[in-house]
Amino acid sequence: MHIVLTLLGVVGAFSYYWSVIRKAGDAVGEIADAAGRARGAYRRNQFRKKADAATISAIDDPRTAAVVMAVAVASSEGDMTAEQDEALTDAMTNMLNVSDPVEEMTFAKWAVREVSDPNNISMRLHRLWTSSLDMQERQELVDMVRRVAGAGGELSNVQIEAVDRLKTRLAITV
């Protein structure tokens, strides 16, 4: 009888320790899975930043860059209004001499959806503008962005800040 009790004790102890070790292994597996998901999220975020930067960095025409900047500032507080659309279309036709304003507007809205922060956009595009525009054209760019963003109402604080940063990046002191 004592042999049966000893065997039952050994089997019971073995099954208890087996379940404890198994639960510990499951916990370690869950921690490893969580770390893998966090690492994947970090990598996706880094890739998204690179892809966003590639969209804006691929722009090589200062007129297209100006339209993207105007859309970014105008839509920083929500979707563009009809007045802002009209003001930008007018600026593209009369000031920028864009051949296909609808295509430019479509691209600009798509690019802004990819990178929504106007300050990030101006940071990425200011080298293009400073290398290809003289000081008067840079001032006209800032005026156009301000005019489009303010069409149909007053500029918000976010829009004013974005225009001020654009002026700073374009080295406009006035």
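A residue is termed buried when its relative accessible area is under 20%, exposed when over 50%, and partly exposed in between (1.4 Å probe, protein chains only). By this criterion, 32% of the 174 residues in the protein chain are buried. The structure is a predicted model, in which local features need pLDDT of at least 70 and side-chain atom pairs count only at pLDDT 80 or more, whereas totals for chains, interfaces and linings use all residues. Residues are numbered from 1 along each chain as its sequence is written, and side-chain values use heavy atoms, with hydrogens and water left out.

The protein chain contains seven helices and zero strands, where helices (H or I, at least four residues) and strands (E, at least two) are DSSP runs numbered from the N terminus. The C-alpha trace spans about 105 × 30 × 30 Å along its principal axes.

Helix α6 comprises residues 135–149. Its buried residues are Arg138, Leu141, Val142, Met144, Val145, Val148 and Ala149. These cover an arc of only 160° around the axis, which places them on the same side of α6; the arc is that of the directions from the helix axis to the C-beta atoms. The buried residues of α6 pack against α2 (62–74), α3 (82–94), α5 (118–132) and α7 (157–169), with contact meaning heavy atoms within 4.5 Å.

Conventions. The expected span of a helix is 1.5 Å times one less than its number of residues.
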